[in-house]
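Hello! Here is the structure I promised to pass on to you. Have a look through it first, and then read my notes below.

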Amino acid sequence: MRRNPRIVFFLFSLLAVMLACANPLGEAPSESPLNVETIVAATFEALTQAAPPTPTSSLLPASLYYLATDNIGRSQVFRLERDGTTVTQLTSESDEVREFDVSPMDGSVVYIADNQLITVNADGSNRAMIFDGGAINENEPFITILRSPVWSPDGQTIAFGHQGLNLYSIIDGQSNRVLEDQVTEMEGGFFFPEELYWPEMYSADGNKLIITLGYYESASTAIYYPDGGSLVRLNGVEGAIICCGDYSLSSDASVLFSASPYMGMFRAGLWRVDTASGSVTTLFQADYDSNPADVADNPFIAPDGQLYYFYASVPNPEGFIDRPPMQLVRSATDGVTGRTVLRPETFERMNEALWAPDASFVIVANAQNDQTYQGGAAQLYYTDERPMIPLVPFARDMKWGP
């Protein structure tokens, strides 16, 4: 999910973080809905019974999961197979699917609909509700809303946000809240969020869980250790905006790179985080007085040790930057040395990007107009000058499957 700089105050307010994914913006895809039989109760052992079909030819290194609208306009989970052509609709909920994640073990899906946490097999079968968040308090949704399910690398745990950080055990069928949201009751029966917690991503070995710390008008990031329950907060982050999944974690989980192309309430730039200590190093940063301003987005630390990201140096006469025209670049891990433009295109309506594991290409969700800030046409761009390949007409919250 990408930030909207025109409403940055709203975006980093708590309500925006909670509700931003409620309704994707863009055209509905042409896929027809799945034929779903009567829903029956399922055991969690069934989650490992089905796996995605293996195409005979592959454009993609793995299947691509994403959110798009079905033929009646509701957000559902879809999967694009490795051939880059075959699309399968996996959910057919009567309510919007707001968020989801994919098991790296077998392609099973966990998602949120009607404020319930639901799982299905990789083929869409064996739907099971595993956690019910109850009715959402519309005035203060942070008290009741479910958010951000994240599947662990071994497929045995689902982390999610609900009144704090929760870990659900697939084996035991039980949920344990490991961090409690810090909420203060005010006069008149209102509640003020001091600090909220929800997950973003596990490290590849499952030993670290990157989480978002949510505040009333901003957010930050921390590293949670499931074994032992310790929490490492960021330090040296003044002026930067490092949060909400807009980052890349190195394969050994020792370093996290974060970037922002927008400037207004926060500075634009590129930052490096030591996940052991939480120390933040500014690689480059633009403030109100920077003219031109160096901005970046969607960093990815590749297996070759190089840093890939989107970059622009743009005029900044008013101290406010909105959707700068960025290009795809590669550099050393300092973000500066050997910086090389990889393609001729400029990206002005990019809402999100998903990198190939080897950085050979990136899939970009390009919005069709300036008013769309979630999702867009999914297009594959190689990190050389091979032609762009269109994939699906609309995708949001793109993720790799197994």
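C244 is found in the loop between β16 (231–233) and β17 (247–249); helices (H or I, at least four residues) and strands (E, at least two) are DSSP runs, numbered from the N terminus. Before going on, please note that this is a predicted model, where local features need pLDDT of at least 70 and side-chain atom pairs count only at pLDDT 80 or more, while totals for chains, interfaces and linings use all residues. Residues are numbered from 1 along each chain as its sequence is written, and side-chain values use heavy atoms, with hydrogens and water left out.

The phi angle of C244 is near 65 degrees, a positive value in a residue other than glycine. C244 is also buried, with a relative accessible area of 16%. (Buried means under 20% relative accessible area, exposed over 50%, and partly exposed in between, using a 1.4 Å probe and protein chains only.)

S148 has a positive phi too, near 55 degrees, and is not a glycine. This serine lies in strand β8 (residues 147–151), and S148 is buried, with a relative accessible area of 8%.

Next comes a peptide bond: the one from N291 to P292 is cis, with omega near 5 degrees. You will find P292 in the loop between β20 (280–286) and β21.

**The cores**

In soluble globular proteins, nonpolar side chains tend to be buried together. A nonpolar core here is a set of buried Ala, Val, Leu, Ile, Met, Phe, Trp, Tyr and Cys residues joined through side-chain atoms within 4.5 Å. The largest one has 23 residues, and F310, M350, W355, V362 and V364 touch the most other members. Two or more residues each come from β21 (293–301), β22 (307–314), β25 (350–355) and β26 (361–366), with β22 giving the most, four residues. A second, separate core has 21 residues, including A68, F78, Y382 and L391.

**The cavities**

A cavity is a set of points on a 1 Å grid over the protein atoms alone where a 1.4 Å probe fits but cannot get out; lining residues have an atom within 4 Å of a point. Grid points are joined across faces, edges and corners, and a volume is the space filled by probe spheres set on the points. Searching the whole structure gives two cavities of 30 Å³ or more.

Enjoy exploring!

Notes. On a 1 Å grid over the protein atoms alone, a cavity is a set of points where a 1.4 Å probe fits but cannot get out, and a pocket is an open set with protein on both sides within 12 Å along at least five of seven lines; lining residues have an atom within 4 Å of a point.
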